[in-house]
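This report covers a loop residue, the nonpolar cores and a surface patch.

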Amino acid sequence: MESSIIELKKITKIYNQNVLLKDIDLSIRKGQSISFIGHNGIGKSTLLKIVSGLVRPDAGKIICSKKLLFHYIPEHFPKMNISAFQYIRHMGRIDGIGREDLEKRSSELFKMFYMDEMTDIPMKHLSKGTLQKVGVIQALLTEPDVLLLDEPLSGQDTDSQKVFIDTMNMLRKNGCTLFMSCHEMNLVNSISDTVYEIRDKQLQKTDMSNNYIRENDVLLFQPPTGNGSHIMDIPAGFTAEEKGPFVEVTVPDGESRELILLLLHKGWELKQLYHEGKIM
């Protein structure tokens, strides 16, 4: 059996005098793909940040078999005034990528993730899903040893999800190790070989077939032009969030048609629709 490249030894993390993670032990092999699941606030993102070195544990240690290149893609990407192209060019230079190689690689990735017509839009006007694509593109400019992903498919359209899954499986074949904090059943089943649920501050290996799946449609609308918020047009019972010039609405499976017809009648424009299955 291949030896581990990362060892977590008795990792404990405390926030505001509350123990979030306690005595976590985990051995990770090269090319392994691990998903952490569980309720919000249970410690999934914190564990990713501990593995990546962004957060220090209060007890325990992390042992790497060699020097590893870590790339981390957060769930909530900062919205900035600069464009996606400017951001990627800046980060590529920090990574030491030559100008010609950077231009070629970033152009390929923008096209791959259907962003080639959005590269000059200020990032503050991009949706959550599109910002996550920018994070993925940054992470893929150079191939890391370890890639950490925090809810990587939330907000992404179906075509981009497929590209993302294919890309992650390609990285795994090349020996990249993946860690994910994830609710997305499709992503977990498509690229993860090991799943842990964080329960009672510990990791418990999980059989995915035993988890209940909640199905939703996620709709991205552009409201009619005008001042003020348009959230009030969304009927009660639906989750809606403003995403720059757009509004993202989460709808239980089977209830999208009536909402779409209602908002189209009010002058809204449907920009994206994708289906998600979330592990409960």
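## Threonine 206

In this predicted model, the side chain of threonine 206 makes a polar contact with the backbone oxygen of glutamine 204 at 3.0 Å. The threonine 206 side chain also reaches the backbone nitrogen of glutamate 197, at 3.3 Å.

Threonine 206 sits in the loop that runs between strand E9 (202-205) and strand E10 (213-222). The relative accessible area of threonine 206 is 18%, so the residue is classed as buried, the cut-off being under 20%.

## Nonpolar cores

The largest nonpolar core contains 37 residues. Met123, Val134, Leu147 and Met168 have the most contacts inside it. Two or more residues each are given to this core by helices H2 (84-94), H3 (99-112), H4 (128-140), H5 (158-173) and H6 (185-191), and by strands E6 (146-150) and E7 (177-181). H4 supplies the largest share, 6 residues.

Leaving aside residues up to four places away in sequence, valine 134 touches Phe77, Ala84, Tyr87, Ile88, Met115, Met123 and Leu126. Another core, of 23 residues, lies apart from the largest one; Leu8, Leu47, Leu148 and Phe179 are among its members.

## Surface patch

Leu264, Leu270 and Leu273 form a nonpolar patch on the surface. Together these leucines have about 230 Å² of accessible area.

Leucine 273 belongs to strand E13 (residues 269-279). With a relative accessible area of 40%, leucine 273 is partly exposed, because that class lies between the 20% limit for buried and the 50% limit for exposed.

Conventions: Residues numbered from 1 in each chain as written. Predicted model: local features only at pLDDT ≥ 70, side-chain atom pairs only at ≥ 80, totals over all residues. Heavy atoms only, no water. Helix = DSSP H or I, 4+ residues; strand = E, 2+ residues; numbered from the N terminus. Buried < 20%, exposed > 50% of the residue type's maximum accessible area, 1.4 Å probe, protein only. Polar contact = N/O pair within 3.5 Å; in protein donor to acceptor, adjacent residues only side chain to side chain. Patch = residues over 30% accessible without salt bridge, like charges linked within 9 Å, V, L, I, M, F, W, Y side chains within 5 Å. Areas by Shrake-Rupley, 256 points an atom, 1.4 Å probe, with all protein chains shown as cover. Salt bridge = Lys/Arg side-chain N within 4 Å of Asp/Glu carboxyl O. Core = buried A, V, L, I, M, F, W, Y, C linked by side-chain atoms within 4.5 Å. Contact = heavy atoms within 4.5 Å.
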